Amino acid sequence: MQLDWLKVLMLTGVFILVLLGTWIAFAEKDPQLEREIRTATQEQLEEWFPEAMALPPELVGFQRGDSESVAPQVVLIHGLDEPGGIWNESLAAFDEAGIEAWEFRYPNDQAIDRSADLLAQYWSALQTDQPIILIGHSMGGLVIRDFVTRWRYPVDGDGVDGPEVLGVIQIGPPNQGSAWARFRAWLEVREWLSHIPEGQLSPFIGFRQGTGAAKIDLRPGSQFLTDLNSRDWPYQVKIQIIGGKLSEPTYAMLENIDQIARDLEITNVRERMETWWDEIGDDLGDGVVPLSSLPFNGAPEPMLFPASHRGLLITMPLVDTPAPAIAPMIDIVKSWQSSP
């Protein structure tokens with residue numbers, strides 16, 4: 001009997017791998033169609049199972065912490081597969097500087113334009129006459145660009161109501177995409193597996209945060225990025241990009257790769273990734289976003305710091321210096337607020 005169960009488990013595993021391989025092959029052939037399928041799936045699930053698909057309040061919309069302010073001076077927007085913890089040190093620094101900073105949270109791997117749509121929906125409800133500075137980490141910077149150019153200051157001039165946007169700071173933004181998006185299928189599997197120890201595994205755990213369409217948007221040359229980069233940046237909105245530049249993979253990055261390999265029982269992952277890094281050379285960037293992906297037309301030259309993608313904003317293990325992007329980020333905010 002035990003042998004029969006073992007055979008069933010083995011066959012199930014083989015079936016899952018074949019199914020996943022078939023899906024990846026299809027996705028590589030027509031990523032835009034895959035995006036449409038993923039987005040339509042999310043919309044249908046939201047219609048059929050609104051309660052099961054709904055995120056808790058602390059994971060969607062504006063989050064003001066302990067503040068009693070009716071409006072923020074700065075809004076921080078996280079990136080892919082990030083529930084908001086990336087801003088913990090920044091929020092403390094803004095508080096110390098006397099700057100009112102809120103977070104905006106959203107389903108973190110849904111299509112990027114859906115996240116910008118959600119921001120526009122919440123934006124019109126902000127009750128303030130003071131302009132706001134938007135700061136986005138990683139994909140959050142793309143959510144902001146899409147919101148600013150398509151919703152707040154579109155070419156036709158008919159933008160969404162709400163506060164003016166004084167300026168935008170992008171931190172580690174993949175404005176031209178990221179090659180990491182090619183590993184999206186494995187990252188999605190890892191996200192599902194991460195819920196097993198907590199007893200949270202269910203068909204809706206992954207879907208509530210989107211169906212992975214954002215990872216398609218982040219591929220270099222995607223339709224989303226092509227459309228986004230075709231739009232002019234509005235002259236009245238200040239813009240600054242902050243990026244990271246590494247000479248080699250960090251300890252934390254290698255540990256993360258090893259964990260993915262253990263979770264998925266894949267061999268030689270680190271060796272293959274190190275070969276890929278060697279081929280990239282100086283364009284390694286912060287380890288996730290290459291230097292060539294940071295700029296876009298209308299933005300000034302990026303400010304670069306020796307840090308990894310997350311290390312720009314979070315003090316990393318084995319590092320005894322503060323996250324390097326926080327102080328200049330606050331200086332930029334103060335400078336913009338004090339300038340006419």
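Student: Which residue in S4 does Val74 stand opposite?
Tutor: Val74 stands opposite Ile133 in S4. Strand S2 (residues 74–77) and S4 pair in the parallel sense over four bridges. Two strands count as paired if DSSP finds at least two bridges between them, and the elements are DSSP runs numbered from the N terminus: helices are H or I with at least four residues, strands are E with at least two. This is a predicted model, where local features need pLDDT of at least 70, side-chain atom pairs count only at pLDDT 80 or more, and totals for chains, interfaces and linings use all residues. Residues are numbered from 1 along each chain as its sequence is written, and side-chain values use heavy atoms, leaving out hydrogens and water.
Student: And what does Ile133 stand opposite in S5?
Tutor: Gly167. S4 and S5 (residues 165–171) also pair in the parallel sense, over six bridges.
Student: Are the residues of S4 buried or exposed?
Tutor: Six of the six (residues 132–137) are buried, so S4 is largely enclosed by the rest of the structure. Buried means under 20% relative accessible area, with a 1.4 Å probe and protein chains only. Ile132, Leu134 and Gly136 cover one side, and Ile133, Ile135 and His137 the other.
Student: Switching to helices: at what angle do H4 and H12 pack?
Tutor: About 45°, with the axes 10 Å apart; axes are lines fitted to C-alpha atoms over the stretch in contact, and angles run from 0 to 180 degrees between N-to-C directions.
Student: Which H4 residues meet H12?
Tutor: Glu89, Ser90, Ala93 and Phe94 meet Ile326, Met329, Ile330 and Val333 in H12, where contact means heavy atoms within 4.5 Å.

Conventions. Buried < 20%, exposed > 50% of the residue type's maximum accessible area, 1.4 Å probe, protein only.
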